[in-house]
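Please keep the viewer open while you read.

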Amino acid sequence: MSILIDQHTRLLVQGMGREGRFHAEQAIDYGTRYVGGVHPGRSGGAALGRPLFNTVAQAVAETGANTTMIFVPGPAAADAILEAVEAGVGLVVCITDGIPLRDMLLVRRYMCGTPTRLLGPNCPGLISPGKAKVGIMPAHIHRPGRVGVLSRSGTLTYEAVSQLTAQGIGQSTCVGIGGDPVGGMTFVQCLAMFQDDPDTDALVLIGEIGGSAEEEAAAYIAQHMTKPVVGFIAGQTAPPGRRMGHAGAIIAGGQGTAASKMAALERSGIRVVQSPARIGEAMAAILKHPL
Amino acid sequence: MKIHEYQGKAILRTYELPVPQGEVARLPLEARQIAETLGGQRWVVKAQIHAGGRGKSGGIRLARSPAEVEQHAAALLGQPLVTPQTGPGGQLVQCVLIEEGCEIAQELYCSIVIDRQLGQPVCLLSAAGGMDIETVAATAPATLMREPIDVLLGLAPFQARRLVERLQLQPAIQPALASLLPKLYTVFRDKDCTLLEINPLIVTSAGGPLCLDVKMECDDNALFRQPEVEVLRDLSAEEPLEVEATHSKLNYIKLAGNIGCIVNGAGLAMATMDIIQQAGASPANFLDVGGRANAGAIEQAFRIIMADPHVQAVLINVFGGILRCDIFAQGVLQAVTNVQVRVPVVVRMEGTNVEEGRQILAASGLQFRIANDMAEAAQHVVQAIRE
């Protein structure tokens, strides 16, 4: 098994511009079942051997899509998410960055009570190695295996994955929840899925400064998780009051520092590494000598 | 994006929210004339900078005559003002706000912020006005009243009444205060704010509420639909290299260290800063070239880093995903050829097309130090500045 995506994933891509098309193609090459694209004004056409649709509802009705990956530009991306939620798509993965906060607040509110799960925005997506890829990560660094990876970052997640692979440690699913202050799935929701996944033995958790998602994750891990976790927090040297690239990566009013997050994780029994170069090593040590 | 107090007050005024009479001056004489036009016996001269803590740092001064207004303005204008929030260099005061003085009966704190855990805006109200809200939250959290806002409804009148009621103020002033709060949320929503803080929100001795100060921050991602807010951006209050970086869509933040960093991705860029520090040096900047960086953007990244005189070496850390290593390497070559790079450059590349990328750098004949992983890259760059 794995979480969220696998061989049963039927993928739709919203926003079939240059990037959407490129990553749809990459997903197909990885063996993901891509069923169609949504691009207003191109209904009736085809791309990558699959039909294009004007609306998500049409696409879902004709293809049975259960997952969508969004590349629609920031100003219109929230609308694309809402359209997918309304059409009943089970998993919406929004890669787009630069979505206005007000739009995401409305999306969150609208999604209350719906069965749809949203990953992102401003995220690399997710991959279940050997099964399916719904994201923009380089596929070749991954290996099928039994360690989950959960992160707020993109390239830093690739870094962690490549360290695991270099240690001979494969991955069950690698999930990037995104760097925005208000998004869809949280660390805690993903942790619960990894805990319940019989094919995940251990987890890498990569956090960063800003907000309290890591503190909430630490509390959840202490209470509910039996699987070992290796943690890293980016931004130990970040100055307060500055947004470090990600809209959500900001130390505000003394809150959300790397030090406080690392302390919270350590208190929950997580093996926290100071150096981003030691993530793979730490996991290898834990798997060799379980706690 | 931050805007100045006087700009925020002008916005509040258009929503018929009560703010003191006042105008902004760029010259001392102008300040005196504004005071004379306003009339009255007391005036306040307020330095306009993008940082709080002005009151404690001499940035807000009371005057008892137009002549004194002019003196205070002359003392503030053209000088850097250092507050606990500006950093040691302070911020240059380019204009001052001259306002009528007013009689304060009560000082409150009010703000609308995003609660990231709830995924909702919340309205905060406290009787501890004028104080630093972090201090209030830390020392007397029970005095800080909160109402989460349903973005489909706005701040409902009953919620505003409930907030005000909990402060146990005199009944006579409650209705006016309660009617002000939903309007503040309207401003927050209409202007795509990420923060709207009125501190202090006062009750005057005449019994009316008045927004004595305002701190407004607007969402950079929403500026495309906020042209009236975007024109308020004061580039002179920002770091020049950071302004230049935004023109090339580079995410750059200047820091105080000596190792320039060029990285793709915000998380990896922060982690690179961290590992430089752990290796015994200090990052000169945060720089995320993003996933779509072309040769021009990489060249611009080098230009900006080389413009910082403290940079003694450059560390490039790229994990190719969308950004292919061969394309990136070509960009680096073009940049190094066109920009005067007078310091050692350490390159660590991994990911998509890494072999092609490394070959391009190796075949260039230029003196790059290639590192195989992040730890090695940090060691190389620290060694480079010690040589």
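**Notes on the two-chain model**

1. Strand S3 (residues 43-47) of chain B and S4(B) run antiparallel and are joined by four bridges. Strands here are DSSP runs of E with at least two residues, helices are runs of H or I with at least four, and both are numbered from the N terminus. Two strands pair if DSSP finds at least two bridges between them.

2. Before going further, a word on the source: this is a predicted model, in which local features need pLDDT of at least 70 and side-chain atom pairs count only at pLDDT 80 or more, while totals for chains, interfaces and linings use all residues. Residues are numbered from 1 along each chain as its sequence is written, and chains are lettered from A and ligands numbered from 1 in the order in which they are written.

3. Which strands sit at the edges of the sheet that holds this pair? The sheet is open, with four strands in the order S2-S7-S3-S4 (chain B) and antiparallel pairing. Strand S2 (22-25) and strand S4 (60-63) of chain B are its edges, each pairing on one side only. On average, neighbouring strands are turned by 20° against each other, direction ignored. Helix H3 (residues 66-76) of chain B lies across S2, S3, S4 and strand S7 (96-100), running at about 10° to S3(B). For such angles, axes are lines fitted to C-alpha atoms, for helices over the stretch in contact, and the values run from 0 to 180 degrees between N-to-C directions.

4. Is B:Lys46 buried or exposed? This residue of strand S3 of chain B is buried because 26 other C-beta atoms lie within 10 Å. The cut-offs are 20 or more other C-beta atoms within 10 Å for buried, 12 or fewer for exposed, and partly exposed in between, with C-beta atoms placed from the backbone. Leaving aside neighbours within four places in sequence, B:Lys46 is in contact with B:Glu5, B:Arg54, B:Gly59, B:Ile60, B:Val96, B:Leu97 and B:Glu99. Contact means that the C-beta atoms of two residues, placed from the backbone, lie within 7 Å. B:Arg61 is 15 residues away from B:Lys46 along the chain, with 6.5 Å between their C-alpha atoms.

5. Chain B has three domains: domain 1 (1-19 + 103-238), domain 2 (21-101) and domain 3 (239-386). These bounds come from an automatic or database domain assignment. The C-alpha centres of domain 1 of chain B and domain 2 of chain B are 23 Å apart. Where the two touch, seven residues of domain 1 meet nine of domain 2.

6. Strand S11 (residues 193-204) of chain B is worth a look, being mostly covered: nine of its twelve residues are buried. It is joined to strand S8 (residues 104-115) of chain B by eight antiparallel bridges, with B:Cys110 and B:Ile198 as bridge partners. Four bridges link S11(B) to strand S13 (residues 215-218) of chain B, again antiparallel, and here B:Leu195 stands opposite B:Glu217. S11(B) also forms a hairpin with S12(B), with four residues between them, and B:Gly207 in the turn has a positive phi of about 100°.

7. Between the chains, 46 residues of chain B are in contact with 48 residues of chain A. Helix H9 (266-278) is among the elements of chain B that supply at least two residues to this side, and its eleven residues are the largest share. The side of chain B divides into 21 nonpolar, 15 polar and ten charged residues. Ala, Val, Leu, Ile, Met, Phe, Trp, Tyr, Cys and Pro count as nonpolar, Asp, Glu, Lys and Arg as charged, and the others, Gly among them, as polar.

8. Finally, A:Tyr158 carries the UniProt annotation "binding site", from an unreviewed entry. Such annotations may be inferred rather than shown by experiment; their positions follow the numbering used here, and feature names are shortened. A:Tyr158 is found in helix H5 (residues 155-166) of chain A, and is buried because 30 other C-beta atoms lie within 10 Å. Not counting residues up to four places away in sequence, A:Tyr158 touches A:Met137, A:Pro138, A:Ile141, B:Phe319, B:Gly321 and B:Gly351.
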